[in-house]
Amino acid sequence: MSEQILYFEDFEVGTCFTSPARTITEADVVNFAGLSGDYNALHVDAEYAKSSVYGERIAHGLLGLAVSSGLFTRTELNRRMAPSLIALLGIQSWRFLGLLKIGDTIHLEVEIVEKEETSKPDRGFVYFKRKMLNQRGEVVQEGTTPMLIRRK
């Protein structure tokens with residue numbers, strides 16, 4: 001793909017993009033606990049977590065969601081659509097399907113799943129299915145994000 005700006009008309013349902021990868025670190029979990037105020041023992045207490053069903057500390061699910069947002073911004077897709085992007089309209093049916101562990105290396109697979117015209121002729125909705133995969137290829141989180149995109 002060239003680096004031309006993507007407008008509503010340019011998006012094709014079924015087109016897929018992949019983000020760079022990123023490893024979830026101890027610092028990520030500690031900083032997210034401090035930022036969010038979520039000090040659940042499963043995330044911050046190693047001794048407690050050892051006796052849990054997981055056997056170890058796990059990262060916050062919402063940390064994964066936040067990191068997925070950042071990974072999306074690192075895609076070629078985002079670079080090309082940024083000038084025409086009006087708004088992120090929400091997060092639909094985000095699901096936590098697997099554990100996100102400290103040391104996991106994750107990336108996103110993004111697919112354009114739907115386009116919808118609006119009542120305003122200068123914009124449209126584009127729906128992106130985001131799947132977060134770990135280093136073993138397991139989908140650990142997924143959901144759809146509708147975005148409002150300018151038309152040509």
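1. Val30 lies in helix 1. (Helices are DSSP runs of H or I with at least four residues, strands are runs of E with at least two, and both are numbered from the N terminus.) Val30 counts as partly exposed, at 44% relative accessibility. The cut-offs are these: buried is under 20% relative accessible area, exposed is over 50%, and partly exposed is in between, with a 1.4 Å probe and protein chains only. The C-alpha atom of Val30 is separated from that of Gly124 by 39 Å, and the two residues are 94 apart along the chain.

2. A word on the basis. This is a predicted model, in which local features need pLDDT of at least 70, side-chain atom pairs count only at pLDDT 80 or more, and totals for chains, interfaces and linings use all residues. Residues are numbered from 1 along each chain as its sequence is written, and side-chain values use heavy atoms, with hydrogens and water left out.

3. Overall layout. The protein has five helices and seven strands. Along the sequence they follow the pattern β-β-α-α-α-α-α-β-β-β-β-β. The C-alpha atoms fill a box of roughly 55 × 25 × 20 Å, taken along the principal axes. Of the 152 residues, 38% are buried. Take the contacts (heavy atoms within 4.5 Å) between residues at least 6 apart in sequence: 72% of them join residues at least 24 apart.

4. The accessible surface comes to about 8,000 Å². Carbon and sulfur atoms account for 51% of it. These areas come from the Shrake-Rupley method with a 1.4 Å probe; for residues, only the protein chains shown count as cover. There are 18 positive and 20 negative side chains. Lys and Arg count as positive, Asp and Glu as negative, while His and the chain ends are not counted. The centres of the two sets lie 3 Å apart, with each charge placed at NZ of Lys, CZ of Arg, CG of Asp or CD of Glu.

5. Strand 5 and its partners. Two strands pair if DSSP finds at least two bridges between them. Strand 5 (residues 105-117) runs antiparallel to strand 1 (residues 16-18), with three bridges. One of the pairs here is Thr18 with Glu109. Strand 2 (residues 22-23) also pairs with strand 5 in the antiparallel sense, over two bridges. There, Thr23 has Thr105 as its bridge partner.

6. From strand 5 to strand 6. Strand 6 covers residues 123-133 and runs antiparallel to strand 5, joined by 10 bridges. Ile112 stands opposite Phe128 of strand 6, and Glu116 stands opposite Phe125. A hairpin of five residues links the two strands.

7. From strand 6 to strand 7. These two pair in the antiparallel sense over 11 bridges. Tyr127 has Pro146 as its bridge partner in strand 7. The hairpin here has five residues between the strands, and Gly137 takes a positive phi near 80° in it.

8. Strand 7 and its other partners. Is strand 7 mostly covered or mostly open? It is mostly covered: 10 of its 12 residues are buried. Strand 3 (residues 85-88) pairs with strand 7 in the antiparallel sense over three bridges, and Ala87 stands opposite Leu148. Strand 4 does likewise, antiparallel over three bridges. In that pairing Phe96 stands opposite Gln141.

9. The core. Which residues have the most contacts inside the largest nonpolar core? They are Phe11, Ile24, Leu77, Met81 and Phe128, in a core of 25 residues. Helix 1 (26-36), helix 4 (61-73), helix 5 (76-81), strand 5, strand 6 and strand 7 (139-150) each supply at least two residues of this core. Such a core is a set of buried Ala, Val, Leu, Ile, Met, Phe, Trp, Tyr and Cys residues joined through side-chain atoms within 4.5 Å. Leaving aside neighbours within four places in sequence, Met81 is in contact with Leu6, Phe11, Phe72, Phe128, Met147 and Ile149.

10. One backbone angle to check. Ser93 has a phi near 45°, a positive value in a residue other than glycine. Most residues other than glycine have a negative phi. Ser93 lies in strand 4 (residues 92-96). Ser93 is exposed, with a relative accessible area of 53%.
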